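Here is a short note to read alongside the model. Please keep the structure open as you go through the points.

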Amino acid sequence: MIFLRLFLTFFEIGAVSFGGGYGMLALMRELVVGNGWLTEEEMLRFIAVSESTPGPIAVNMATFIGSHEGGVLGAACATLGVVLPSFIIILIIAAVLRNLMKYGAVQGVLSGIRPVVVGLILATAGTMLLSTLFGFSHAGDAFAPDLIGIAISAVVALVAFLWKRKTKKNPSAILLIVIAAVLGAVGYGI
């Protein structure tokens, strides 16, 4: 039954992932592609759309993937599955373990988890970069650069650099997304 599989898969993702939505992407990619729900290319597109829409990326991804596999009920099952573990953990921490952070061991565990989360995020970003811009999805894949994608990335990076240099502030992420979307529409044809 697809609805139970969606719920349990996303419950697992929500239960064992640390570091928020970006920390979940590596496990989500492994399980979703492994279950055959999406291809690598579809997964990358879902990530791009999830980042571009309001809300947490993990919840957006769960909703979109659930909808793709099981319609509205599938979206509800996947979304509930990914948020329920965090909800339960927050309730337990708020109700029972209020003073948990005063213990050095707890602070040490959280400090130890932080670099792992950074590593997961960087690995996911590297995988997306290699797959999207250079065509490497698996070891041994042929080099197939996406010249339009590389050009769009370079233009957006240049805009961000020049903006930061001129205004001494980071550019709006929304502005960069809009620029990339317009360049993508022009470059890949509307």
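**Notes on the helices and the core**

1. Start with α1. Its buried residues are Leu-6, Thr-9, Phe-10, Ile-13 and Gly-14. Buried means under 20% relative accessible area, with a 1.4 Å probe and protein chains only. Because these residues cover an arc of only 135° around the axis, they sit on the same side of α1. The arc is that of the directions from the helix axis to the C-beta atoms. Helices are DSSP runs (H or I, at least four residues), numbered from the N terminus.

2. A word on the source. This is a predicted model: local features need pLDDT of at least 70, side-chain atom pairs count only at pLDDT 80 or more, and totals for chains, interfaces and linings use all residues. Residues are numbered from 1 along each chain as its sequence is written, and side-chain values use heavy atoms, leaving out hydrogens and water.

3. Next, the largest nonpolar core. It has 21 residues. Such a core is a set of buried Ala, Val, Leu, Ile, Met, Phe, Trp, Tyr and Cys residues joined through side-chain atoms within 4.5 Å. Phe-10, Ile-13 and Met-28 are among those with the most contacts inside it. α1 (2–16), α2 (20–34), α3 (40–52) and α4 (57–96) each supply at least two residues of this core. α4 gives the most, with 7 residues.

4. What does Ile-13 contact, leaving aside its neighbours within four places in sequence? The partners are Met-24, Leu-27, Met-28, Leu-31 and Val-82. Contact means heavy atoms within 4.5 Å.

5. Last, Ala-62, in helix α4. Ala-62 counts as buried because its relative accessibility is 0%. Beyond neighbours within four places in sequence, Ala-62 is in contact with Phe-10, Ala-78, Thr-79 and Val-82.

Terms used: Buried < 20%, exposed > 50% of the residue type's maximum accessible area, 1.4 Å probe, protein only.
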